[in-house]
Amino acid sequence: MTQRGSALNFRDFVQELLDTGDAVDIRKAVSPTLEAGAVTRRVYETRGPAPLFGNLTEGDPGFRILGAPAGLSPVKDGTYGRIAAHFGLPRDTTPRALLEHLVAAMHADPVAPRVVETGPCKENVLRGPDVDLHRLPVPLLHEQDGGRYLGTYGFHVVRTPDGQWTSWSVARTMLNGRNTLVGPAMPQQHIGMIHRMWREKGEPTPWAMVLGAPPAALAAAGMPLPAEVDEDGYVGALTGSPVEVVRTETNGLYVPACSEIVLEGWISPDETAPEGPMGEYHGYAFSGSKPQPVFHVEAVTYRDDAVLPICVAGVPPEENHTIWGTMISAASLDVLRSAGLPVTMAWCSYEAATCWIAVAIDTRRLAGTGMGEKELADAVAGVLFGSHTGWLVPKVVLVADDIDITDIDQLVWAMATRYHPGTGEYVYPDAPGIPMVPYLTGEEVRTGRGGKSVMSCLLPAQFEGRAPGVTASFANSFPDDVRRRVLGNWAEYGFPEAG
Ligand SMILES: Cc1cc2nc3c(=O)[nH]c(=O)nc-3n(C[C@H](O)[C@H](O)[C@H](O)COP(=O)(O)O)c2cc1C
Ligand SMILES: [Mn+2]
């Protein structure tokens with residue numbers, strides 16, 4: 001029996017999108033060379049339904065591609081529906097409810113995966129000389145890219161040499177040859193840490209990559225949980241059932257049994273190849289490639305009619321913003337709250353390309369702490385920038401929680417009317433950060449430090465627990481009876497909808 005449902009079975013996830021009008025089953029022939037990427041890009045930018053390409057002009061017959069697996073949805077009352085479906089949650093789940101769900105699972109006991117004998121991912125098995133990655137529909141995503149990217153919405157599986165820690169993590173992989181891939185394994189990311197442990201022993205790192213993974217597993221693999229936390233146990237806690245895993249054919253690792261495509265092999269301890277450039281999550285394609293580790297593929301297993309999900313990175317909103325950003329938000333919310341700071345919500349605005357996180361402050365609790373603005377900024381920076389999740393986000397925007405920080409209109413209004421030039425920004429030149437942020441200087445990229453700030457949109461009165469004034473709006477500027485009358489008469493006035 002295969003695990004079912006949109007959280008734990010990618011095929012069911014695809015079906016749910018089709019059933020709810022949030023995916024289009026494309027029968028027309030489409031080329032994986034730029035065309036699938038262009039369609040997917042336009043889907044993100046127009047908030048269209050996810051494209052399922054069923055008739056591809058390259059790769060073995062049968063393989064399919066799903067674009068924009070976590071793009072924003074056009075379905076009414078379900079903007080975040082495709083994201084919620086990753087966790088088996090109702091399509092109208094709000095970001096706030098989703099974050100609380102993700103944080104609660106961080107505090108629940110992990111639920112270890114269950115090993116099963118076999119599963120759908122073993123329907124087809126290619127080994128040794130039969131492995132030819134060109135048999136898969138490996139797309140060229142943007143014309144500026146230095147190669148074709150197979151892994152843009154899949155995760156790596158690696159395990160420490162002592163077998164104590166298994167890491168699932170999302171990172172891109174580019175086609176390098178018939179049976180090799182190349183991609184980043186940054187030393188601060190868990191794959192980089194575990195790869196180093198094997199290198200220090202002078203051994204290759206046993207590795208697998210899962211494509212078309214259970215959506216909740218993919219999201220967890222894109223979540224900056226602390227080191228030594230197994231993402232598989234987190235997924236079990238999150239979904240309430242152990243993830244069913246099967247043993248790989250060649251290297252003793254375990255992968256979700258109903259995955260669409262599994263690559264198995266090893267990461268070379270010393271060999272590198274040029275990787276990139278690629279259109280990236282901050283919305284730019286830079287020129288030039290970098291040497292990165294080479295992944296050797298010794299076996300490929302896949303479901304019949306396998307579906308390869310792709311993320312065509314670039315300007316928001318794509319999966320780096322919707323999935324990565326959401327998972328960073330949850331992990332950061334937990335870190336800030338656990339430190340006892342008066343924080344009610346944290347949100348990487350999708351529009352900000354994972355370059356800032358807005359943090360909502362309970363001003364009543366803030367006043368109780370007696371903290372001043374600098375003290376609060378330093379405390380937030382100290383807690384967040386020193387954490388695995390805070391390494392990823394260079395800017396923090398502090399704002400009182402009268403603002404719904406998931407509403408970009410409200411956040412922009414607060415930034416414009418509350419941030420004080422010259423005094424409202426605190427910079428942290430020694431804070432460590434991800435070197436991919438576009439505005440970093442050469443020196444900051446080299447040292448891996450700086451370019452990080454906390455911007456305060458808190459007004460002096462808010463540190464004393466007072467509101468700066470009454471927000472002049474429909475909600476705040478009229479008595480109840482007037483608002484009720486206006487809403488009741490809305491259609492009669494001649495407006496199309498109750499609004
Ligand atoms: C669609 C998507 C693409 C990503 N691409 C990369 C990548 O290429 N390199 C990288 O280091 N992290 C990438 N990430 C972010 C990591 O998956 C994330 O930081 C995660 O926490 C890493 O796992 P770890 O915390 O176990 O190291 C991506 C995330 C998503 C959702
Ligand atoms: Mn991890």
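User: Hi! How far is an oxygen atom of ligand 1 from a polar backbone atom of Ala221?

Analyst: The distance is 3.5 Å. Bear in mind that this is a predicted model, in which local features need pLDDT of at least 70, side-chain atom pairs count only at pLDDT 80 or more, and totals for chains, interfaces and linings use all residues. Residues are numbered from 1 along each chain as its sequence is written, chains are lettered from A and ligands numbered from 1 in the order in which they are written, and side-chain values use heavy atoms, with hydrogens and water left out.

User: Okay! And what are the distances for His190 and Met223?

Analyst: A polar backbone atom of His190 is 2.7 Å from an oxygen atom of ligand 1. For Met223, a polar backbone atom and an oxygen atom of ligand 1 are 3.2 Å apart.

User: How much of ligand 1 does the protein bury?

Analyst: The protein buries 94% of the 630 Å² that ligand 1 exposes when taken alone. Those areas come from the Shrake-Rupley method with a 1.4 Å probe; for residues, only the protein chains shown count as cover.

User: Which elements give two or more residues to the shell?

Analyst: They are strand E8 (166-170) and helix H8 (319-338). H8 gives the most, with three residues. Helices (H or I, at least four residues) and strands (E, at least two) are DSSP runs, numbered from the N terminus.

User: How many residues surround ligand 1 in total?

Analyst: There are 19, and the closest are Val170, Arg172, His190, Trp324 and His388. To be near, a residue needs a heavy atom within 4 Å of the molecule or strand.

User: What kinds of residues are they?

Analyst: The shell holds nine nonpolar, seven polar and three charged residues. Here Ala, Val, Leu, Ile, Met, Phe, Trp, Tyr, Cys and Pro count as nonpolar, Asp, Glu, Lys and Arg as charged, and the others, Gly among them, as polar.

User: What does UniProt list as "active site"?

Analyst: An unreviewed UniProt entry lists Glu280. UniProt positions follow the numbering used here, feature names are shortened, and annotations may be inferred rather than shown by experiment. Glu280 sits in the loop between strand E14 (261-275) and strand E15 (290-302).

User: Why does Glu280 count as buried?

Analyst: Because its relative accessibility is 12%.

User: Where is there a cis peptide bond?

Analyst: One joins Gly276 and Pro277, with omega about -5°, and Pro277 is also in the loop between E14 and E15. Another joins Pro316 and Pro317, with omega about 0°. For context, most peptide bonds are trans, and most residues other than glycine have a negative phi.

User: So what is phi for Glu228 and Thr354?

Analyst: Glu228 has a positive phi near 70°, and Thr354 has one of about 60°. Glu228 is exposed because its relative accessible area is 62%, whereas Thr354 counts as buried at 2% relative accessibility.

How values were computed. A polar contact is a pair of N or O atoms within 3.5 Å; within protein, one must be able to donate a hydrogen and the other to accept it, and residues adjacent in sequence count only if both atoms are side-chain atoms. Buried means under 20% relative accessible area, exposed over 50%, partly exposed in between (1.4 Å probe, protein chains only).
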